[in-house]
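Hi,

Here is the structure I promised to pass on. Have a look at it first, and then read my notes below.

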Amino acid sequence: MARILVKDIKKTFGKFVALKSVSMEVADREFTVLLGPSGCGKTTLLRIIAGLESADQGEVWIGERRIDPLPPRARNIAMVFQNYAVFPHMTVFDNIAFGLRMQKLGSEEEIRRTVEWAAELMHIESQLDKYTGQLSGGQRQRVAVARALAVRPQVLLMDEPLSNLDALLRLEMRAELKTILRESRTTTIYVTHDQVEAMSLADRIAVMHGGEIEQYDTPLEIYRNPATLFCGGFIGSPPMNFLEARAVAPGRWRIGDLELDGPRDAGSRLLMGVRPEDLEPVQGEEPALVGTIQVVEPLGSHQLAILRLDGGSLRFAGDADLPLRAGETLRLRPRADRLRWFDPGRERAIRA
Ligand SMILES: Nc1ncnc2c1ncn2[C@@H]1O[C@H](COP(=O)(O)OP(=O)(O)OP(=O)(O)O)[C@@H](O)[C@H]1O
Ligand SMILES: [Mg+2]
């Protein structure tokens, strides 16, 4: 069992609070992605789990073992760093064998078999005799992952492992990693600030912001039901729209000319959140959000438009065939089942 339990971790650097009070539980064999903007504490949390950094308070457990008092070597964790740190003066084989030899995990013969297994998994079995200095960035990245997998860690931590690759290779490696990690069945925490990467890889995403986890859930649940304004804005491209709504009666809210059913007993002012693709054009004089189209971006599969409304702007993703033209007026209604409501003061969702 390699469940990871992070309990109430706090970390400060001088006066700066890097992690406020972070708790999370990653299930055995689960692939969790830590997602958040630069500086939100992702690497710090990963380094604390690996034992490369110590927390001011809190506990880290793997399975039934409390590991935060243990040195890194005793934690049975492998980490792949952003700059992938392979040894250029060693062959691919020796790089992958490095951890196994250090930890004396088997005879030379057993080590050879393990290296070949890990190299095959990463499709670099034909490169074993090369020096890593002679490899491309993508190949070096594969060596780093193979080296991490070779020690058969209970837990694999990866810090932006694809960030040094070009866009195409990134896509390719992303799909491969997903397959490989599923096959190796290693409990994994993967750090990225790329929301598309997070959505496509994760079983669950922990959205971090300012040293805290704001939401920890499946990609679809975070997309559909963001817990905070930040989560709704950070995940999804383009992000969720937020429009100010005023109470007109208990459970009734007005935005421009449009009246909508919403939460009761929630004060006089709320933010209504709706995804760009959950807006539908309306014909005729039915009440709607009425805006002027500022820009249209035809994307082939669909098109994006930015509208100017009274008191804000609105992003709309519509069918590629809709006749959208800059300067024209567009009338839109949000799909009733996709409306989300947020408290503007606390910046948190109000659950109906
Ligand atoms: N050793 C340190 N001394 C002082 N401040 C630090 C140290 N390490 C990290 N920090 C600060 O803690 C905050 C979180 O850093 P961290 O590296 O965890 O961010 P991150 O989420 O990994 O960002 P990025 O996406 O840019 O890698 C940052 O503001 C950083 O400046
Ligand atoms: Mg980082």
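Leu289 stands opposite Leu332 in β19. The two strands involved, β16 (residues 289-298) and β19 (residues 329-334), pair in the antiparallel sense over 4 bridges; strands here are DSSP runs of E with at least two residues, helices are runs of H or I with at least four residues, and both are numbered from the N terminus. Two strands count as paired if DSSP finds at least two bridges between them. β16 also pairs with β17 (residues 302-309), again in the antiparallel sense, over 6 bridges, and Thr292 has Arg308 of β17 as its bridge partner. That hairpin has 3 residues between its strands, and Gly300 takes a positive phi near 90 degrees there.

Before you go further: this is a predicted model, where local features need pLDDT of at least 70 and side-chain atom pairs count only at pLDDT 80 or more, while totals for chains, interfaces and linings use all residues. Residues are numbered from 1 along each chain as its sequence is written, and chains are lettered from A and ligands numbered from 1 in the order in which they are written.

Now to the open sheet: 4 strands form it in the order β2-β1-β4-β5, with antiparallel pairing. β2 and β5 (65-66) are the edge strands, each pairing on one side only. Between β1 (residues 4-13) and β4 (residues 57-62) there are 5 bridges, and Lys7 stands opposite Glu59 in β4. Helix α1 packs on this sheet and touches β1, β2 and β4, its direction making about 120 degrees with that of β1.

And what surrounds ligand 1? The shell includes Phe13, Phe16, Lys42, Thr43, Thr44 and His193, where a residue is near if its C-beta atom, placed from the backbone, lies within 6 Å. β2 (16-26) and α1 (42-50) are the elements that give two or more residues to the shell, and α1 gives the most, with 3 residues.

Last, the helix pair. The axes of α2 (residues 92-102) and α3 (residues 108-121) come within 9 Å and cross at roughly 125 degrees; axes are lines fitted to C-alpha atoms, for helices over the stretch in contact, and angles run from 0 to 180 degrees between N-to-C directions. α2 and α3 are therefore oblique to each other. Among the residues making the contact are Phe93 and Leu100 of α2 and Ile111 and Ala118 of α3, with contact meaning C-beta atoms, placed from the backbone, within 7 Å. Oblique is what remains once angles under 35 degrees (roughly parallel), over 145 (roughly antiparallel) and 65 to 115 (roughly perpendicular) are set aside.

Cheers

Key: Two residues are in contact if their C-beta atoms, placed from the backbone, lie within 7 Å.
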